[in-house]
Amino acid sequence: MTPILRKAALAAALATVALSVASCGGDSPRPGELHGAVLPAPLPKADFTLTNTAGEPFAFREETQGYVTLLFFGYTSCPDICPVHMANIAAVLRKLPPQTASRVKVVMVTVDPERDTPERLRTWLNAFDPSFVGLTGSTEEVNGILRSLMLPPAVKQGEGETDYLMGHAAQVIAFTTDDRAHVVYPSGTRQVDWAHDLPLLVEADWRSE
Amino acid sequence: MTWWCSAQDTAWEWVWQPYIGVWLLVASMLLGYAAALKRLGPAEADPPATRREVTSYLLGVLVLWIAADWPVGPLAAGYLVSVHTAQFLLFTMAVPPLLIHGMPQWLLRRMIRPSWAGRVARFLSRPLIAFAVFNVVLLATHLPVVVDGLAGSQLGSFFKDMLWLFAGLVFWWQVLGPLPELQPLSYPGRILFLLLNVFIPTVPAAFLTFADYPIYAVYELAPPLGWISARDDQQLAGIIMKIVGGFIIFGTASVLFFRWYVREEREEAA
């Protein structure tokens, strides 16, 4: 074997070993293993502070450190997508083993601060799970966060003073313990999807990515 | 304009909606019956339709109307699986016996007079065929892929509803079919037929009641009504399927048993 061929064979062997170490570590779910929509490139965890339903500041990045965090932008008068997402996540968290469920935080930021007072948001979230975090901020603050996550701003639909809908991003963003989002869950995500993915998201070691 | 109830993406509202297809079906059933009684009429040897028969037929059409029209129809099509199950029971366990009981024998004979109709009636009157038709329809129309696939389409929902009605008619013909020329089952045979049909509905009922997660996407992802979760709704559906369906079947079997007993007593006394 010539020196060049020997070097090439060694390089190929090393590459094979490196690849197999990376893949057989089982650290992070392989593409296609998750039921959610895997992002082409991970999204850094947003760094913002809004007000929680107790009226206290909630620094999202720090408060959710070390948890799988499901971030959703919705509103309590939403007739369809928001309550379905919240109900499905809550139902699955109740069924998961406590050691898995306790490592998941659900945060909903209201896109309708005019109607969603902290009290109203708290009451609405309590109907699903009292542990769900509700955050309020000004429209500008919330739209800024949406933009930072490459999501469209929320849009008021309808002319009514109190009777209107909000057009908003329908996906739940799942931030993992590496403070990045690798996967999002669009409208239409079912309980079986959450039940399948949440344990994987909790157990995965994303540092190997 | 919607002509038949199907799943919608909009939030449920207690606002009446017209469903023209349901009205046309109900109207055609009423007009057809009235025309048959008036124009065709019984032969000289046949008794005319009794008040009881007419009342039974009208009740059957009324129950069908309730099952297919607003609010039961749209709630069943796209919002609550419990209402979907109740609708299934109305279409298969309530409407068919009322319609069959409401048909005078001479009218049934007229209907199967064409040779092809007679052949079809004789084929469907066989207990094993009736058992298979009813249970295959029951199982097939409760498969998630079928429920989710048909719910969003008016034509699909119509097809499923009519399939239920057809399966119910075939099923109840074994129990109530009055024509001797189609060789009806004896009382014990009818009771056995009913009891055998208790077991297979247990399969979808068990899935509905004991599944960890909602099995139908259409109901799980429907805009929620607010007072019942998808899981509770599904469990309620399973209970309705098992308990109400079982009650109808066991209740009918009990009535048949009582009639059989009375007839035997009379025959012995004679």
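Author: Helix H5 of chain A covers residues 118–126. This is a predicted model. Leu121(A), Trp124(A) and Leu125(A) are the buried residues to look at here. Where do they sit around the helix? Look down the axis of H5(A): the buried residues fall within an arc of 95°, so they line one face of the helix. An α-helix has 3.6 residues a turn, so residues three or four places apart point the same way.

What does that face pack against?

Now the rest of the chain. Chain A has 7 helices and 10 strands. It runs to 209 residues, and 36% of them count as buried. Take the contacts in chain A with a separation of 6 or more: 71% of them join residues 24 or more positions apart.

Then there is chain B. Contacts between the chains involve 12 residues of chain A and 12 residues of chain B. On the side of chain A that touches chain B, two elements give two or more residues each: helix H3 (81–95) and helix H7 (191–203). H3(A) supplies the largest share, 5 residues. By residue class, that side of chain A divides into 7 nonpolar, 2 polar and 3 charged.

Key. Residues numbered from 1 in each chain as written. Chains lettered and ligands numbered in written order. Predicted model: local features only at pLDDT ≥ 70, side-chain atom pairs only at ≥ 80, totals over all residues. Helix = DSSP H or I, 4+ residues; strand = E, 2+ residues; numbered from the N terminus. Buried ≥ 20, exposed ≤ 12 C-beta atoms within 10 Å, placed from the backbone. Contact = placed C-beta atoms within 7 Å. Arc of directions from axis to C-beta. Nonpolar A, V, L, I, M, F, W, Y, C, P; charged D, E, K, R; others polar.
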